[in-house]
Amino acid sequence: PDWVHFQHADLSADGSMRVLATGWLGGSETPFVASRGPGGAWALTTYPAHPVADEVLAWAPGNDGSVHAVYQKPQTYPCDPCDMNLYWGRVAAGGTWDEAQVSGTVWGSPDDRFTNQPDIAVTAAGDPVIVGRWQRRAVTGSLKESELRVYAPATGGEWCYETVVTTPDGYAGGD
């Protein structure tokens, strides 16, 4: 690649080192995984760029060779209402993207509610787990409430969540 933006590094189930990144390959920004097994050479696998998301907020490789992503769809600022929905996507090398909405947006009076600042991990079974900061804001933008939530796929394409933290430790979090 002409340039590389590092996203994630870990060890796969078989002990191979994996580095997930995006880079400028062949005239476009392309996600790729570089992997190296014990004593082996580096192998590069490219994936199709997401057709809608212009900025992926977090990436993670799956043990099955797929790549998972968390993103929001692009919008023009200033927006009112803003679409702050959080999406998950998965793609295999040479495949097409699967997509699901993880968390929705409520915009407008009395308060705006959405999830941002996500991160993602993929379990050994291949299931995505997403953590993010859910927040409730006054229409002026002032933060009124914040929670750390963990999201996982449920039945029928829906996603469920558990709230991990509702009160910051030592910081009031208000204006």
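Author: At 15% relative accessibility, C79 counts as buried. Buried means under 20% relative accessible area, exposed over 50%, partly exposed in between (1.4 Å probe, protein chains only).

Reader: What kind of model is it, and how are residues numbered?
Author: This is a predicted model, where local features need pLDDT of at least 70 and side-chain atom pairs count only at pLDDT 80 or more, while totals for chains, interfaces and linings use all residues. Residues are numbered from 1 along each chain as its sequence is written, and side-chain values use heavy atoms, with hydrogens and water left out.

Reader: Back to C79. Which residue does a disulfide join to C79?
Author: C82, with an S to S distance of 1.7 Å; a disulfide here is a pair of cysteine sulfur atoms within 2.5 Å. The link is right-handed, with 95° about the S-S bond.

Reader: Is C82 buried or exposed?
Author: C82 is buried, at a relative accessible area of 8%. C160 counts as partly exposed, at 38%.

Reader: Switching topic: what is the strand order in the open sheet?
Author: The order is 9-10-11-12, with antiparallel pairing. Strands are DSSP runs of E, at least two residues, numbered from the N terminus, and two strands pair if DSSP finds at least two bridges between them.

Reader: Which strands stand at the edges?
Author: Strand 9 (111–122) and strand 12 (159–165); each has a single partner strand, so one side of each is left without a neighbour in the sheet.

Reader: How many bridges join strand 11 to strand 12?
Author: 6, and the two run antiparallel. V150 has E162 in strand 12 as its bridge partner.

Conventions: Helix = DSSP H or I, 4+ residues; strand = E, 2+ residues; numbered from the N terminus.
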